[in-house]
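User: I have a model open and want to go through its packing. Can you take questions as they come?

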Number of protein chains: 2
Amino acid sequence: MTEYDLIVIGAGPVGENVADRAVQGGLTAVVVESELVGGECSYWACMPSKALLRSGAVLRAAADVDGAKQSVRDGVDVAGVLRRRDAMVHDWHDDGQVSWLEGAGIDLERGHGRVTGLRQVSVTGADGTVTTLTARHAVAISTGTAALLPDVPGLAGIRPWTSRDATGVRDVPASLAIIGGGVVACEMATAFADLGSRVTMIVRSRLLSPFEPFAGDLVRAALEERGVEIVTGSEVASARRDGDAVISLQDGREIVAAEVLVATGRVPRTAGIGLDAIGLPDGGWLDVDDTMLVHGTDWLYAVGDVNHRALLTHQGKYQARAAGDVIAARARGGAIDDAPWGVHVATADHAAVPQVVFTDPEVASVGLTAAAAQDAGMTVRVLDYDLSWVAGASEAADHYRGQARAVVDVGREVIVGATFVGPDIAELLHSATIAVVGEVPLRRLRHAVPSYPTVGEVWLRLLEAYGRPDA
Amino acid sequence: MTEYDLIVIGAGPVGENVADRAVQGGLTAVVVESELVGGECSYWACMPSKALLRSGAVLRAAADVDGAKQSVRDGVDVAGVLRRRDAMVHDWHDDGQVSWLEGAGIDLERGHGRVTGLRQVSVTGADGTVTTLTARHAVAISTGTAALLPDVPGLAGIRPWTSRDATGVRDVPASLAIIGGGVVACEMATAFADLGSRVTMIVRSRLLSPFEPFAGDLVRAALEERGVEIVTGSEVASARRDGDAVISLQDGREIVAAEVLVATGRVPRTAGIGLDAIGLPDGGWLDVDDTMLVHGTDWLYAVGDVNHRALLTHQGKYQARAAGDVIAARARGGAIDDAPWGVHVATADHAAVPQVVFTDPEVASVGLTAAAAQDAGMTVRVLDYDLSWVAGASEAADHYRGQARAVVDVGREVIVGATFVGPDIAELLHSATIAVVGEVPLRRLRHAVPSYPTVGEVWLRLLEAYGRPDA
């Protein structure tokens, strides 16, 4: 039996950061991992998906600038794209991440971790050997999520792809049906259209529905221009395989494709990790306070996707910094700063979660949508501006299309949300994130001058839309 | 004789904005313009220069991504680049801007404006007719700057280019010598290397010397890789033309080129506009307070480049908004808000001037450099990070090179300056501008989570470099 101050189950970016912060705070820590150290993001999500998307995006950018377009041939080189993806995931080897753990002073236990009691974890290795670990202070669960497979007759039988199969593609299918209209669905539709697949999306209502409505509209228009067929207004009834896969919709339509990607949501990877042993539902999401402590315990933390606060790598890492620090502080009996925006809490989860969808155009958003702000009871002013009207946009591309929205809480005169949709707009988002998190008053924001001619000049137009301030 | 509340001399973006704000505030206004309505920025500076630069930048971006590079041929299409530039400057016609003036309710008087006494301006038209204008409240001078021609024997005789000739180029010269190492010099070296000229830069000390030193170093390395020769360590002694132009340096070296671009600074366009009539030096910069009122007067404003506060279009427009508003407020006897960061002052001129240099890599900076902050007496912490180490950078390009720096005022624990150098980094700048202007404490900035994987994740690394906060 081996004892540590902290045991972390799941060595994705979140688990790594919890352990790293705790070790920096003077604790000993071990991470337990049954797959690759580095997790979903590094090998099967963010990193490979962006690699699949970038080549098409930069080619389209060059093809939309006179003087450059003459030097651009149509279409990506598929072998080059896949080679770049392979490099980005280090050919699915985790040596680099293991070295990082060693350098950070974090032990690694490979195998399947399971909570077996109060601050106790048993790890079953690939060869069946069982190691029992005891935590002096805390156990953190950061096992992330897996793709949800909806309960559709025949679907499991056709061996559908999940996000892992799509990001790990070796042989690009001639045709791909995608069930879903969220981030994974839209990004993979973009990528596979670039790679030469005939793509059909089967979408219950609209694309990117949690975002401002214009985001899904602009992404849909762009996908359709690139030949993606988007089928809405019905749901999947059944699936079968007849060589190609055949998806039958409830209204009788049939979609035929070589492969089917299911992108209809995520489930927590918390089944079989011993939650039932401590009175929590097996396979459920884990409810936590703002320090990531699981409700009803004083030793179990749930960090990242499993707590269902914000299913994004960067937000999980943010939670991990707070959790690792607070675990160390509590262990040494130090001061705890858990007031809103304190050192030991993840307050931004409630107010300022940023997200970029790497479609083309990109969608970048932070904070509340107009609808969400109204639902929260705020008096809201919505500031809209067509990004193509900004001088910087006309310099960037010959046919720039994009849209910006800022949502103002009129009572406090601060921005509580912003959404930008446009080619290569991702880097502009952090300006809005700082404005929202910093609660910078509009009167002060007017002194933050965007450089001319950048697309960021839209800030000027949004503030003008609010009207001139009085002295 | 015609009477207005406000007379503006110079109808560039700055003059247009002063007049527009005053009219929105209930005043009548006329702008006087001897050239094109829209000014230097629209026809001979920002707009055409960025058009000349964009095609090369997007091609290089595509050529540095595996899967895309296979579809990119080397080099821009010169005719396409020039056509794009022509479109951006509307073929040097100002019809659109004139229509905008009309729509905004601003009168236009074409001709050369000259102050002839207290709130009085005479305008000499192209046909010699003279119109006398009287201002009930204020006269604003926003005539901008022109290229400085250094006093070098023979230089004027070789008919050197200024920025106007470079941005307006029709026949790309086989070779171009550029005297200077500032923004215009670096941008035009980038553009003409792309257009196929053999470019030699003659630089007194270093490139982009007002910026953090690594900015000039990275731009220099990139230019030299593209074949630009950069001659430093001597000064121009004389110039002559022998078919090609011949520039002789003080150390005896000679640079031969088909054309010579002089980019050694700017002079105010205030000669011959009647400043002597009101006791001010003809041709000098105009000293103003933070409402842009010229010292010693209660009716004369100087807005934009002519006041020498910050020679940038966006900063001049910012001043123009304050000046137009305060002119209207003073005219109606309204409240004046001239405290720092107030409605009627351009406080950011002192603390947070953003600037993007559209070289490749781009240079984006705001606020104080480390050296400037130290000179200002602050206790400074400098946070540095290699941008290529950020996951978002490796997704963006296969051989990303860049550098970031944040300058922290340790006493207040706020960021007072930031510099980013990297390909396509311009849009990230506004995040730093809002942090500086908003004086957002580092403790709060840690809750502004950059979206993964964007280049903006460098914010996380910069804050980590400052160390972890205590509870």
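User: How are H1(B) and H9(B) oriented to each other?

Analyst: H1(B) and H9(B) are roughly parallel to each other; angles under 35 degrees count as roughly parallel, over 145 as roughly antiparallel, 65 to 115 as roughly perpendicular and the rest as oblique. The axes of H1 (residues 13-24) and H9 (residues 313-331) of chain B cross at roughly 25° and come within 7 Å. Axes are lines fitted to C-alpha atoms, for helices over the stretch in contact, and angles run from 0 to 180 degrees between N-to-C directions. Helices (H or I, at least four residues) and strands (E, at least two) are DSSP runs, numbered from the N terminus.

User: Before I go on, where do the numbering and the cut-offs come from?

Analyst: Residues are numbered from 1 along each chain as its sequence is written, and chains are lettered from A and ligands numbered from 1 in the order in which they are written. This is a predicted model, in which local features need pLDDT of at least 70 and side-chain atom pairs count only at pLDDT 80 or more, while totals for chains, interfaces and linings use all residues.

User: Back to the pair. Which residues of H1(B) meet H9(B)?

Analyst: Among them are B:Val14, B:Val18 and B:Ala22 in H1(B), and the H9(B) side includes B:Gly316, B:Ala320 and B:Ala323. Two residues are in contact if their C-beta atoms, placed from the backbone, lie within 7 Å.

User: Which hand is the crossing?

Analyst: H1(B) passes H9(B) in a right-handed crossing. A crossing is left-handed if the near helix is turned anticlockwise from the far one by less than a right angle, and right-handed if clockwise.

User: What about H3(B) and H4(B), at what angle do they pack?

Analyst: H3 (residues 46-63) and H4 (residues 78-88) of chain B pack at about 150°, and their axes are 8 Å apart. H3(B) is therefore roughly antiparallel to H4(B). Residues making this contact include B:Met47, B:Ala51 and B:Leu52 of H3(B) and B:Val81, B:Arg84 and B:Met88 of H4(B). H3(B) passes H4(B) in a right-handed crossing.

User: How many residues does each chain put into the contact between A and B?

Analyst: Chain A gives 75 residues and chain B gives 75 residues. On the chain B side, the elements that each supply at least two residues include H3, H4, H9 and S17. H3(B) gives the most to that side, with ten residues.

User: Sheets now. What is the strand order in the five-stranded one of chain B?

Analyst: The open sheet runs S17-S18-S21-S20-S19 in chain B, with antiparallel pairing. Two strands pair if DSSP finds at least two bridges between them. S17 (355-357) and S19 (380-386) of chain B each have a single partner strand, so one side of each has no neighbour in the sheet. On average, neighbouring strands are turned by 10° against each other, direction ignored.

User: Which helix packs on it?

Analyst: H8 (residues 213-225) of chain B does, touching S18, S20 and S21 of chain B, and its direction makes about 5° with that of S21(B).

User: What length does H8(B) reach?

Analyst: H8(B) has 13 residues and reaches 19 Å from its first C-alpha to its last, close to the 18 Å expected at 1.5 Å a residue. The expected span is 1.5 Å times one less than the number of residues. Just after H8(B), B:Gly227 takes a positive phi of about 95°.

User: Which residues of H8(B) are buried?

Analyst: B:Ala215, B:Gly216, B:Leu218, B:Val219, B:Arg220, B:Ala222 and B:Leu223. A residue is buried if 20 or more other C-beta atoms lie within 10 Å of its own, exposed if 12 or fewer, and partly exposed in between, with C-beta atoms placed from the backbone. The buried residues of H8(B) pack against H7, S10, S18, S20 and S21 of chain B.

User: Last one. Is A:Ser142 buried or exposed?

Analyst: A:Ser142 is buried, with 31 other C-beta atoms within 10 Å. A:Ser142 is in the loop between S6 (130-141) and S7 (145-147) of chain A. Not counting residues up to four places away in sequence, A:Ser142 touches residues including A:Val8, A:Ile9 and A:Val303.
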